[in-house]
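Reader: I would like to learn how to read a model like this one with some care. Could we look at it together, feature by feature?

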Amino acid sequence: MMKGTVYKSTGSWYTVKGEDDVFYQCRIKGKFRLKGIKSTNPVAVGDRVGFSVEELDGVKTGVISEIEERENFIVRKSVNLSKQTHIIASNIDVVFLVITLNNPPTSTSFIDRFLVTSRAYRIDTVLLFNKVDTYNEEEIAEIRYLADTYRAIGYTCIGVSAKKNKNIDQVKELMKDNVCMFSGHSGVGKSTLVNTIEPSLHLKTKEISDQHKQGQHTTTFAEMYDLQEGIRIIDTPGIKGFGIVNMEPEEIGGYFPEFFERQSECKFNNCLHKNEPNCAIKEALENDEIAWSRYNSYLQMLEGDEDVHYRKNSYE
């Protein structure tokens, strides 16, 4: 039995990098799918797996028979099976959420939904405000306001431009010796950013469609690449929206850092911060200590109306 890491998944075959630094094309053992894994894909990019090697007509292939416990993973709802989840990637050290103000627009509710999900799955998130070279003064002021909002609650925020090479070194520094993932709507410039960081990758990019102000979907499957300085990067499909998966209403507030630090001051232990008396979150909101955009996102998640939200903000 060899140990290895999954670098690519195409649904039925998996590219696994073994401990010997050789890449093997692997499939999974037949019964493996029946082990009660409630996702559409039992094996994901980033998984550490055990596999055996077979040779047929001089070609070596592998058979995956075990997955090591995941440190974390990130999911989205399966496109075709609404009650199923799809694991995009696992064992991630840091995820960079790429945000654009327009062309295409990234809503604060999308950002907040992403941050709640990544925090729930114990993944550090850095916010990259991309295409800063294209904004006018008013738009730059809006980006600064957004960045200040998220910095105040503990998130690292960086304004970047792939075309002007702005703050790319700062991003590289955060990537060293880490498994990294870039996410965001299609068209926000994920692939262009990654190509700027590592030009040898030549990830596919497409320009924004002016007619619909939406990105043309280019990446089909997640794939991991080895870069210099111990960096591994997972390239993922553009994401329509992160569902709040398997989360009870009373849990959601715990994944908003500014709520979490205050919720013990609420009169009721199970306070949902809506209409309850003596709510510390509502009080902080009235005192401008919590951003209204964050509170509105929280209410949306509480109401569970993400499906409407996705349709309005789908960029694939």
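Reader: What share of the contacts in the chain with a separation of 6 or more comes from residues 24 or more positions apart?

Author: Contact means heavy atoms within 4.5 Å, and here residues 24 or more positions apart account for 63% of the contacts in the chain with a separation of 6 or more. Please keep in mind that this is a predicted model, in which local features need pLDDT of at least 70 and side-chain atom pairs count only at pLDDT 80 or more, while totals for chains, interfaces and linings use all residues. Residues are numbered from 1 along each chain as its sequence is written, and side-chain values use heavy atoms, with hydrogens and water left out.

Reader: How many helices and strands does the chain have?

Author: Helices (H or I, at least four residues) and strands (E, at least two) are DSSP runs, numbered from the N terminus, and the chain has nine helices and 13 strands.

Reader: Which residues of α2 are buried?

Author: Buried means under 20% relative accessible area and exposed over 50%, with partly exposed in between (1.4 Å probe, protein chains only). In α2 the buried residues are Glu139, Ile143, Leu146, Ala147, Thr149 and Tyr150. They cover an arc of only 155 degrees around the axis (taken from the directions from the helix axis to the C-beta atoms), which puts them on the same side of α2. These buried residues pack against α1 (108-120), β9 (124-129), β10 (156-159) and α8 (292-303), whereas the face turned away from the buried side carries the exposed residues Glu137, Glu138, Arg144 and Tyr145.

Reader: Is lysine 17 buried or exposed?

Author: Lysine 17, found in strand β2 (residues 14-18), is buried, with a relative accessible area of 17%. A polar contact is a pair of N or O atoms within 3.5 Å; within protein, one must be able to donate a hydrogen and the other to accept it, and residues adjacent in sequence count only if both atoms are side-chain atoms. Leaving aside neighbours within four places in sequence, lysine 17 is in contact with Lys3, Gly4, Thr5, Tyr7, Val22, Phe23 and Asp226.

Reader: What does a side-chain oxygen of asparagine 136 reach at the start of α2?

Author: At the start of α2, that side-chain oxygen of asparagine 136 comes to within 3.1 Å of the backbone nitrogen of glutamate 138.
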